[in-house]
Amino acid sequence: MSKLRSLAITAPLIALATALYGLVGLVVSFFDDTGDRQMVVARAWSRALLLISRVKVKVEGLENISPGGSYVLVSNHLSYMDTPAILANVPVQFRFLAKEGLFRVPLLGTHLARAGHIPVPLEDPRAAVRVMTKAAQVIKERGISLLIFPEGGRAPDGVLQPFKEGAAYIAIKAGVPLVPVTLIGTREVLPFGSAHMRGGTVVLRIGEPVATSACKLSDRDRLTEAVRQRIVESLETMPVPAPN
């Protein structure tokens with residue numbers, strides 16, 4: 001019954017909401033070159049998706065960040081539901097560092113580009129370094145934050161993968177803290193490779209910021225491992241919520 005509901009009701013409603021909010025976001029982008037208003041639309045879209053999917057998000061650690069602060073947010077990546085969960089519940093003005101291929105997807109790519117999200121060419125290390133330097137400059141100039149999934153993609157088996165160093169590199173260059181964000185339960189509501197959406201509860205834990213202001217680029221390995229370890233510790237102390 002749950003699978004039938006997902007395919008017959010939830011999936012079509014998600015597609016409809018995505019198309020409608022995507023169109024609104026595109027129209028809004030012509031009147032706002034900062035991307036801030038598009039983020040408002042994106043947050044509304046995220047809340048709509050969570051509501052349609054019957055997914056509740058329990059947020060912990062909001063006291064660790066300031067809505068007006070600048071950070072590099074570093075999160076584990078389990079499911080396509082990770083992005084809506086974070087967008088709807090992390091109250092800072094942030095952009096994504098995302099795979100360049102997403103920017104070639106019709107409509108989605110246009111929205112990402114016009115909202116100010118930053119594409120990363122994974123196959124070209126030199127270009128990736130230039131992009132990370134640009135991302136750090138954007139953070140400093142605009143006072144915004146950046147969200148990165150440093151595993152480089154969703155973990156198929158749910159096991160935390162090694163982290164790439166880009167988040168630490170950007171945070172050091174921008175002089176802003178790294179903030180570990182731990183998600184648990186998104187894999188249960190939407191498993192890797194599945195289109196079957198299950199309702200349930202997701203836990204989103206925001207950890208204490210890791211300062212980078214006194215760090216050099218040579219410290220990025222240490223910082224990357226420190227942030228990963230904090231997420232590992234959070235995962236070990238957070239029970240997996242059961243899907244509905």
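Predicted model: local features only at pLDDT ≥ 70, side-chain atom pairs only at ≥ 80, totals over all residues.
Two packed helices are described by the angle between their axes and the distance between the axes. Helix 5, which spans residues 125–142, packs against helix 6, residues 166–174, at an angle of about 45°, and their axes are 8 Å apart. Helix 5 is therefore oblique to helix 6. The crossing of the two helices is right-handed.

The residues that bring these helices together can be listed from each side. Helix 5 contributes Val129, Met132, Thr133, Ala135, Ala136, Ile139 and Lys140, and these meet Gly166, Tyr169, Ile170, Lys173 and Ala174 of helix 6. Sorted by class, the contact consists of eight nonpolar, two polar and two charged residues.

Attention now turns to empty space. Rolling a probe the size of a water molecule over the atoms shows where empty space is left. The second largest pocket holds about 160 Å³ of space. It is lined by 15 residues, of which Leu78, Gly158, Leu183, Ile184 and Leu235 are the closest to its centre. Strand 6 (178–184) and helix 7 (186–189) each provide at least two residues of this lining. The classes represented in the lining of the second largest pocket are eight nonpolar, four polar and three charged residues.

Cavities form the next topic. Across the whole structure, a search finds two cavities of 30 Å³ or more. The largest cavity has a volume of about 50 Å³. Its lining is made up of Val74, Pro150, Phe163, Lys164, Ala167, Ala168, Leu178, Thr224 and Val227. By class, seven of the lining residues of the largest cavity are nonpolar, one is polar and one is charged.

The second largest cavity has a volume of about 30 Å³. Around this cavity lie Arg95, Gly116, Ile118, Ala135, Val138, Ile139, Ile144, Ser145 and Leu146. Helix 5 and strand 5 (145–148) are the elements that give two or more residues to the lining of the second largest cavity. Helix 5 has the largest share, with three residues. The lining of the second largest cavity comprises six nonpolar, two polar and one charged residues.

Key:
Residues numbered from 1 in each chain as written. Heavy atoms only, no water. Axes fitted to C-alpha atoms, helices over the stretch in contact; angles between N-to-C directions. Helix = DSSP H or I, 4+ residues; strand = E, 2+ residues; numbered from the N terminus. Parallel < 35°, antiparallel > 145°, perpendicular 65-115°, else oblique. Left-handed = near helix turned anticlockwise from the far one by under 90°. Contact = heavy atoms within 4.5 Å. Nonpolar A, V, L, I, M, F, W, Y, C, P; charged D, E, K, R; others polar. 1 Å grid on protein atoms, 1.4 Å probe; cavity = no way out; pocket = protein on both sides within 12 Å on 5 of 7 lines; lining within 4 Å. Points joined across faces, edges and corners; volume = space filled by probe spheres on them.
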